[in-house]
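Let's take a friendly walk through a protein model and look at a few of its details. Have the sequence and the 3D view ready as you read.

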Amino acid sequence: MGKNKVRLGGSKGERWGKGQSSNSNPSKSKHRNAAKSKFFNHGSTDGSSKLTSAALLRHDASQGIGRLTAADIELGSEAGKEANNEMMEATAMTHKTFDTFASDWSGCTNVAFEKVILKFKANNAGHKDMLAVLAAVTEVIKAEGGKESETEYFAALMTTLEVSADDASLSAVVRLLSLVIKKVPHPVLISRFSQVNTLLMTTLSNHSQTANVSLLRGLLGCIAVLLRVQPSSNWALPETSHTLSSLLSYTSHPKPKIRKAAQHSVVSIVRGSDPSMVPHPSASQAANYCISTITASGPQDNAVL
C-alpha cells in the first residue's frame, strides 16, 4: 500500500531567470560585501583600504620573495608619499631578502648556481649544506685568482667529492655538481672522462645502499651527463660499457624516485648530444638490457615494467 504524498503549499521560493541558474544570489550580497570590507580594510576605522603597494612589499620581503628595486621605492606622486614612507620602513626592517642573503653570503657569481641562491630556504638543512659548500669552494677559487668559471667550480667540487665523508656534505657536493656539470664545456668532460668516471662510479658504489635518495639521484644525473657527451671512440672503451651497465641496473631499483631518475638518464644518453651518432653506440646495450629485464620479470613486477 503506497503512502499518501503530501505536497507542501506556499511559495516555491525565489527563482532565477533562464540561463542565470549558475549565479549564486545575484542581487543579495550584503554579507559578502561586509566580509570583503573587513578583510581588505583590516585595522581601518575610516573604511579606507590598507591593501597598499607597501603592504604587499612588506609581505613579500617577510616571505623572502623578490627584490627591492628603485621602482618599488620611487612612487613619483604626492598622493604616494605616505605609501613611500611605509615602503622605506619595510626596507629597513627586512634589509635584504633571503635570495640576496644567499648570494652575498656565498660570494658566488656564477649563474650555474642561480637555482641554489634564488630558492634558498633558511629552514632547509640541505639548502644550508649546499650554501656552505658553495661558499667554501668559491672562497678557494677566488683565493687562487680564478674567474669562477664552470670548469673551475667543476674541478673544485670533484676534489671536494673525493674527500667528503658524511652523507650530508656528500649530498650537497653532488647536488652542486649536478648543476654545474651541465655547463662544463664538452672537451673538458671528454678529455677527463676516465678520472671523472672513476670517481663518480666509486662514490656510487660506496653509497649504493644509502637511504639518501637525493644523493643517488644526483650521482645518476652526473654520470648521465658525462656519458651523453662522449664521442664514439670513448664508447669503445670497456669502462664506458661497464658504467652504462651500472646505470641500467638502477632502472629497476625498488625505490620509484631512483628508478625514474635512472630511466631518464638512460634515455638522455641514448638520445645523445651529437646528431651524427645515430644510432647511438649505447642503444643496443640499453635495448638488450630492457629485453632481458622484461623476459625475466613475473606478474609481481608491474612497478618495474
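## A salt bridge

A salt bridge is a side-chain nitrogen of Lys or Arg within 4 Å of a carboxyl oxygen of Asp or Glu. Keep in mind that this is a predicted model. How many salt bridges does the structure hold? It holds one, and the partners are Glu148 and Lys142, whose closest N and O atoms are 3.9 Å apart. Because the cut-off is 4 Å, this pair counts as a salt bridge.

Are the two partners buried or exposed? Glu148 is buried, with a relative accessible area of 11%, while Lys142 counts as partly exposed at 43% relative accessibility.

You can find Glu148 in the loop between α7 (125-143) and α8 (150-163). Although Glu148 is not a glycine, it has a positive phi of about 60 degrees. Most residues other than glycine have a negative phi.

## A cis peptide bond

A cis peptide bond joins Val278 and Pro279, with omega at about 0 degrees. Most peptide bonds are trans. Pro279 sits in the loop between α15 (256-271) and α16 (283-296).

## Cysteines

How many disulfides does the structure hold? The count is zero. Two cysteines to look up are Cys222 and Cys290. Cys222 is buried, with a relative accessible area of 2%, whereas Cys290 counts as partly exposed at 43% relative accessibility.

Key: Residues numbered from 1 in each chain as written. Predicted model: local features only at pLDDT ≥ 70, side-chain atom pairs only at ≥ 80, totals over all residues. Heavy atoms only, no water. Helix = DSSP H or I, 4+ residues; strand = E, 2+ residues; numbered from the N terminus. Buried < 20%, exposed > 50% of the residue type's maximum accessible area, 1.4 Å probe, protein only. Disulfide = S-S within 2.5 Å.
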